[in-house]
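Below is a set of questions and answers for someone meeting this structure for the first time. Each answer works towards the name or value that was asked for.

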Amino acid sequence: MRDSERDAVLDLIVGQQSDPARACTYAGTERDGVASELDDLGDWTAFTWVSDHDGHLTGVVIADSDESLGRSWIHGPWVAGEWLRDARPLLDAALHALPPGVTRHEISADVAHTAMAALAAGRGWAATEANHLYVTSDASAWPDEGARVRTARTSDAAAIESLHQAEFPDTYYSVSQLLDPERGFIVVVAENRGAFAGYAAGRVQADGSGYLDYVAVTDAARGLGLGRALVAAAGRRIAVAAPQHDLNLTVQESRTPACALYEALGMRRVASLVAYRHGF
């Protein structure tokens with residue numbers, strides 16, 4: 001990608017993001033929001049590849065990676081031209097440019113994006129369980145859960161780590177990242193009779209929307225209403241901090257009690273997403 005192509009690349013991405021059958025999970029649909037999300041990756045133009053046919057921009061892919069985790073997240077491919085012609089070489093370009101220690105890769109899209117599913121299947125990449133996306137604009141008014149939930153402390157790191165690894169193996173944020181003040185996460189923990197019972201974490205994304213990334217309760221504390229308490233406490237704080245005053249989250253399709261909880265809180269299911277992984 002050339003620096004002079006920045007605006008054209010953003011236009012192409014936004015055009016594709018408006019259609020669930022062409023969109024990538026990792027970006028929004030509004031131009032300013034997409035630009036902010038990409039800027040949050042750093043110098044994204046340095047790891048962006050485009051396809052060009054007869055002088056016309058026809059496709060884009062962006063490779064984001066974390067060497068400490070050995071993982072990559074491939075944003076796109078977004079293809080405005082012929083999918084099979086451009087998507088495969090774009091994905092190849094992104095993968096070949098990754099650091100040598102990055103061996104686990106992921107792309108993600110709406111379940112409606114059957115072309116992405118076929119691209120992944122052709123490479124032997126495995127599909128994860130579908131995740132439902134829920135959203136609400138009312139979380140800032142959710143009730144205060146009082147003394148059962150408090151702000152996380154650095155001394156909670158070990159307890160959170162054990163639950164985090166059990167519930168979200170191979171996830172995209174480590175506990176040290178969640179508790180790093182520079183990263184801006186909102187993290188709360190629940191206690192039951194003075195003992196750690198669960199946590200929730202999320203943050204305001206670069207596009208100004210609120211996102212709840214993690215909620216988990218220990219086995220010993222299930223059935224006490226602490227999951228709802230954690231969602232309400234973290235969700236309220238995130239929505240208040242978010243310029244858009246919204247809250248978004250995803251949940252695995254098989255977690256039906258969690259889906260019922262979010263719907264009971266007034267959240268709406270707006271999409272179903274699936275990731276495709278290699279090297280896990």
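A polar contact is a pair of N or O atoms within 3.5 Å; within protein, one of them must be able to donate a hydrogen and the other to accept it, and residues adjacent in sequence count only if both atoms are side-chain atoms. The model discussed here is predicted.

Q: With which side chain does the side chain of D246 make a polar contact?
A: D246 sits in the loop between helix 7 and strand 11. A polar contact requires a pair of N or O atoms within 3.5 Å. At 3.1 Å, the side chain of D246 has such a contact with the side chain of N248.

Q: Which backbone nitrogen does the side chain of D246 reach?
A: Leaving out residues up to four places away in sequence, D246 touches T136, S137, G208, S209, G210 and A239. The side chain of D246 comes to 3.0 Å from a backbone nitrogen, and that nitrogen belongs to G210.

Q: How far from D246 is the nearest side chain of opposite charge?
A: D246 is buried and has no salt bridge. A salt bridge needs a side-chain nitrogen of Lys or Arg within 4 Å of a carboxyl oxygen of Asp or Glu. For D246 the nearest side chain of opposite charge is that of R268, at 8.7 Å.

Q: Which residues does L212 contact, leaving aside its neighbours within four places in sequence?
A: L212 is one of the residues with the most contacts inside the largest nonpolar core. With neighbours within four places in sequence left aside, the residues in contact with L212 are A200, A201, G202, V231, A234, I238, L247, N248 and L249.

Q: Within what arc do the buried residues of helix 4 fall, seen down its axis?
A: Helix 4 covers residues 114-122, and its buried residues are M116, L119 and A120. They line one face of the helix, because seen down the axis they fall within an arc of 95°.

Q: Which residues are exposed on the other side of helix 4?
A: The buried residues of helix 4 pack against strand 3, helix 3, strand 4 and strand 12. After helix 4 comes G124, which has a positive phi, near 80°. On the other side of the helix, the exposed residues are T114, A118, A121 and G122.

Q: Is P100 buried or exposed?
A: P100 lies in the loop between helix 3 and strand 4. Its C-alpha atom is 8.8 Å from that of E67, a residue 33 places away along the chain. A residue counts as exposed over 50% relative accessible area. The relative accessibility of P100 is 81%, so P100 is exposed.

Q: What is the relative accessibility of R71?
A: The side chains of R71 and E106 meet in a salt bridge of 2.9 Å, N to O. The pair links strand 3, with R71, to strand 4, with E106. E106 is buried, with a relative accessible area of 7%. R71 also counts as buried, and its relative accessibility is 1%.

Q: How far apart are the closest N and O atoms of D170 and R104?
A: D170 is in the loop between helix 5 and helix 6, R104 is in strand 4, and they are 66 residues apart. D170 counts as partly exposed at 34% relative accessibility, whereas R104 counts as buried at 18%. The two form a salt bridge whose closest N and O atoms are separated by 2.6 Å.

Technical notes
Residues numbered from 1 in each chain as written. Predicted model: local features only at pLDDT ≥ 70, side-chain atom pairs only at ≥ 80, totals over all residues. Heavy atoms only, no water. Helix = DSSP H or I, 4+ residues; strand = E, 2+ residues; numbered from the N terminus. Buried < 20%, exposed > 50% of the residue type's maximum accessible area, 1.4 Å probe, protein only. Core = buried A, V, L, I, M, F, W, Y, C linked by side-chain atoms within 4.5 Å. Contact = heavy atoms within 4.5 Å. Arc of directions from axis to C-beta. Lys, Arg positive; Asp, Glu negative; His and termini not counted.
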